[in-house]
Amino acid sequence: MLLTFWGAARQVTGSMHGVTVDDDLHILDCGLVQGHRKEAFQTNSSFPFDPKTVRSVVLSHAHLDHSGNLPTLVQKGFRGKIHSTPATAELCQYMLADSAHIQESDAEFLSRRSRKRKAIGVADTSVPVAPLYTAEDAAEASRHFATSKLYETTQLSEHLSFTFSNAGHILGSAFVLLRNKETRLLFSGDLGRPGLPILKDPDPAPEADFLIIESTYGNRIHEPISNVEEELKTLINKTVARGGHVIVPAFAVGRTQQIVLVLHKLAEERAIPAIPIFVDSPLAVNVTEVFRHHPEEYDAEAAGYLERGIDPFGFSRLRYLRDAAESKTLNDLRTPFVVVSASGMCEGGRVLHHLMHGIGDGRNLVVLAGYQAENTLGRRIMERREQVKIFDEMVPLRAEVATLGELSGHADQGELINWIKPIAKKLKRVFLVHGEPDGQEALAKQIEGQLGVTVVCPKRGDSFNLNEIQT
Ligand SMILES: [Zn+2]
């Protein structure tokens, strides 16, 4: 078994790893690289292998940094199956279509800007202007999905099979145990944490010889999840008292539904004033429907709502906004409200309009509820830069900024160590992916020190013949 790291190597986006068995290439995840536009486009549009030669893809979960480049793979000739859990397949249908829409409108925006600049004689170097992929490519990718339920073994080729288990990170998320005669390779995908709203806790790690594990929060310990309600309550009350509104940039999948559930609870307990709450993201509306289709994935709390006949994602003060016109009416609202809108790292989507109109006002509040990768607008807001660039315009950042790390869908250092510990004795190597260098170094030190396993932090393009690694 030959393992090659092609993405999320010393960074947190673009998850993609190659596994070659009997001369067949299989891919674990096919995510979008996010960040600097030009560089990201280059990396996303050219694969380090011929997509026609890829036999299959095994997908850990629906987040775009894991699934978002599948339409490009298909557009460039991939003809195999994309294996995922049923909930991931359903989520991807919406997420890939939405991603295509964003690619198309970004390309249109850049072309228009370039034309305008040329018309007035300003030098313009903004390439590319073609979308990375289109809605048709996304629809075509959706047709390649084949679903496997958790704990079911699926054959990828004569000698290679895999099994999904619950990763507890987002709806449908799974970790993957790949197996051939000689080798068991465990890929964590993104690993969740015990106690997250809605989701069941991650399953324990199955025995394996090699482990590829994420390290997003390799150097962090999260606050207890129980603090979230208290914190959000204080923040919302403070903002409403000064006449401001609350903007929550959130991933349409997972974070939005978790925030909605917490807001539902606070509203029910009358712990926050009776202000309107909006979920402004057509994708989140669709995705929330997918959540409603999969109650088998719920933890006891969310299941309890259903048993009492209550929709955990709908309550009287909450409105889901589907069209852009409705979304724009929020700009004129002069009374306090909460708006939850994608994208989580403020890299696109309607949240940009809310930020554009809201962050210049010191009465308002921005709540960052997830990981903010380097070079994203979310990261710059988190760092409280004096000004940030939105739609090519510098906007002063005067709003209050709060970070709710507790709702993070990623295990922290202690949780990652605890997850590996029971299988550590059998492991020959641990490969750290999906993390920035500082977090990886800290986690590597802990794993080697506490668990006695050799750790590797591969670079993009690094290859390992697992049959040759004996201890
Ligand atoms: Zn994820």
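Mentor: Contact here means heavy atoms within 4.5 Å. Helices (H or I, at least four residues) and strands (E, at least two) are DSSP runs, numbered from the N terminus. This is a predicted model: local features need pLDDT of at least 70, side-chain atom pairs count only at pLDDT 80 or more, and totals for chains, interfaces and linings use all residues. Residues are numbered from 1 along each chain as its sequence is written, and side-chain values use heavy atoms, with hydrogens and water left out.

Trainee: Which residues in H4 meet H8?
Mentor: Ala-87, Glu-90, Leu-91, Tyr-94, Met-95 and Asp-98 in H4 do, and on the H8 side they meet Leu-283, Asn-286, Val-287, Val-290 and His-293.

Trainee: OK, new topic. In what order do the strands of the open sheet run?
Mentor: Six strands go S14-S13-S15-S12-S16-S19, with parallel pairing. Two strands pair if DSSP finds at least two bridges between them. S14 (318-321) and S19 (400-403) are at the edges with a single partner strand each, so one side of each has no neighbour in the sheet.

Trainee: How many bridges join S13 and S14?
Mentor: Four, in the parallel sense, with S13 covering residues 277-280. Val-279 has Tyr-320 in S14 as its bridge partner.

Trainee: And which residues of H11 are buried?
Mentor: In H11 (residues 351-358), Val-351, Leu-352, His-354, Leu-355 and Gly-358 are buried, meaning under 20% relative accessible area (1.4 Å probe, protein chains only). Viewed down the H11 axis, they fall within an arc of 160°, so they line one face of the helix. That arc is taken from the directions from the helix axis to the C-beta atoms.

Terms used:
Buried < 20%, exposed > 50% of the residue type's maximum accessible area, 1.4 Å probe, protein only.
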